[in-house]
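The sequence and the structure are shown first.

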Amino acid sequence: MRTIEKYLTFDIGGTDIKYAVLDKEGNFLQKGSYPSNRFDGSAILQSIIDRALQTEGLTGIALSVPGFVDQKTGYIEVGGAIGDFNRFNIKEYLEEQLNISVSAENDVNCVALGEKWKGNAQNEADFLCMTIGTGIGGAIFIDNKLYRGSSNMAGEFGYMITQGLQNNLAGKCTLSYTGSIYGLRERFAKYKGVKVETVSGFDVFDACEQGDPRARHEVTSFYNSLAIAVYNLLFMFNPKKLFIGGAVSERKELISELTWRIQSMGSYGKESALERCGLKNDAGLLGALYHHFQACASKI
């Protein structure tokens with residue numbers, strides 16, 4: 001009887017951690033998710049260890065993590081949504097704890113790799129990915145290869161400032177605030193005088209659709225910031241496709257809302273450039289595994 005190679009993959013986000021057990025061909029044998037405590041890196045690491053110990057016959061562990069990641073060593077310079085991961089080698093730590101091969105790659109790079117392997121980018125040599133969630137992430141594919149930059153920071157679209165500086169506070173002016181779901185929730189919650197934890201992105205969009213003027217203002221600002229960013233990216237990289245992922249990408253109006261705004265800016269009429277990621281929530285998990293195979297192959 002042939003032994004099936006099993007890989008445990010994690011897609012670590014600021015809100016949830018998705019996980020899966022996959023075979024070598026990328027078929028899902030098991031998958032699920034659980035809330036992540038973005039302010040407790042130790043708890044996140046322990047959850048990975050616990051899940052690995054509960055899974056028999058593992059060949060390796062593949063991680064999709066936020067921030068600036070050295071995909072060769074597993075060292076995270078900046079942990080993005082997970083502050084405890086700053087200046088931390090997650091690959092080294094987990095390999096010591098579990099005595100199994102571990103790989104780590106930036107989360108949106110994993111989305112791009114997943115789309116390239118089994119998603120909508122299989123036939124694309126030059127494309128971009130943008131994920132919209134707790135923050136904004138990005139990935140760049142040029143000539144069939146990920147472009148990571150000189151220090152693994154390429155593709156961090158969320159650091160763009162799309163609507164100028166307000167009071168010289170860059171943090172509140174970046175796309176990761178003005179064009180993210182978390183920023184949308186925070187601004188609306190502040191207006192309502194409630195805690196951000198009590199407001200979801202769905203709540204804001206629902207309020208907008210019900211005619212709430214403040215919600216309409218915030219949703220409009222959200223779309224405007226994203227459209228400006230996408231407009232800039234289309235001219236900077238001239239990709240054939242820009243794939244958009246994250247839960248909000250499932251909203252039917254997202255592509256049309258961005259497209260008409262971009263076209264209204266003039267000079268760019270390439271409507272077909274924008275497309276949803278095809279793998280949805282599975283993209284990061286599959287991309288992490290695809291990177292794991294590449295990382296293992298480079299050691300041979």
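The sections below go from the chain as a whole to its pocket and cavity, and then to single residues.

## Overall fold

The model is predicted.

Along its principal axes, the C-alpha trace spans about 60 × 45 × 35 Å. Buried residues make up 51% of the 300 in the chain, where buried stands for a relative accessible area under 20%.

## The second largest pocket

The second largest pocket holds about 400 Å³ of space. Its lining consists of 18 residues, and those closest to the pocket centre are Lys-172, Tyr-177, Thr-178, Arg-187 and Glu-218.

By residue class, the lining of the second largest pocket has eight polar, six charged and four nonpolar residues.

## Helix H7 and its ends

An α-helix has 3.6 residues a turn, so residues three or four places apart point the same way.

At the start of H7, there is a contact between a side-chain oxygen of Asp-212 and the backbone nitrogen of Arg-214, with the two atoms within 2.9 Å. Just after the other end of the helix comes Asn-238, with a positive phi of about 50°.

## The largest cavity

How many cavities of 30 Å³ or more does a search of the whole structure find? The search finds two. Rolling a probe the size of a water molecule over the atoms shows where empty space is left. In the largest cavity, that space comes to about 60 Å³.

The residues that line the largest cavity are Gly-67, Val-69, Glu-105, Asn-106, Asn-109, Gly-138, Arg-148, Asn-152, Met-153, Ala-154, Gly-155 and Glu-156. Six residues of this lining are polar, three are nonpolar and three are charged.

## Two loop residues with positive phi

Asn-238 lies in the loop between H7 and strand E12 (241-245). Its phi is near 50°, a positive value in a residue other than glycine. Is Asn-238 buried or exposed? Asn-238 has a relative accessibility of 54% and so counts as exposed, the cut-off for that class being over 50%.

Lys-280 belongs to the loop between strand E13 (274-276) and helix H9 (283-299). Here phi is near 55°, again a positive value in a residue other than glycine. With 55% relative accessibility, Lys-280 counts as exposed.

## Residues in and between strands

Tyr-75 is placed in strand E6, which covers residues 75-78. Its relative accessibility is 30%, so Tyr-75 counts as partly exposed; that class runs between the 20% and 50% limits. Tyr-75 and Ile-244 are separated by 169 residues in sequence, and their C-alpha atoms lie 27 Å apart.

Ala-139 sits in strand E10, residues 136-142. A relative accessible area of 1% makes Ala-139 buried. From Ala-139 to Thr-73 the separation is 66 residues in sequence and 19 Å in space, C-alpha to C-alpha.

Asn-27 is found in the loop between strand E2 (16-22) and strand E3 (28-35). Its relative accessible area of 42% makes Asn-27 partly exposed. The C-alpha atoms of Asn-27 and Lys-6 are 9.9 Å apart, and the two residues are 21 residues apart along the chain.

Note on methods. Residues are numbered from 1 along each chain as its sequence is written. This is a predicted model: local features need pLDDT of at least 70, side-chain atom pairs count only at pLDDT 80 or more; totals for chains, interfaces and linings use all residues. Side-chain values use heavy atoms; hydrogens and water are left out. On a 1 Å grid over the protein atoms alone, a cavity is a set of points where a 1.4 Å probe fits but cannot get out, and a pocket is an open set with protein on both sides within 12 Å along at least five of seven lines; lining residues have an atom within 4 Å of a point. Grid points are joined across faces, edges and corners, and a volume is the space filled by probe spheres set on the points. Ala, Val, Leu, Ile, Met, Phe, Trp, Tyr, Cys and Pro count as nonpolar, Asp, Glu, Lys and Arg as charged, and the others, Gly among them, as polar. A polar contact is a pair of N or O atoms within 3.5 Å; within protein, one must be able to donate a hydrogen and the other to accept it, and residues adjacent in sequence count only if both atoms are side-chain atoms. Helices (H or I, at least four residues) and strands (E, at least two) are DSSP runs, numbered from the N terminus. Buried means under 20% relative accessible area, exposed over 50%, partly exposed in between (1.4 Å probe, protein chains only).
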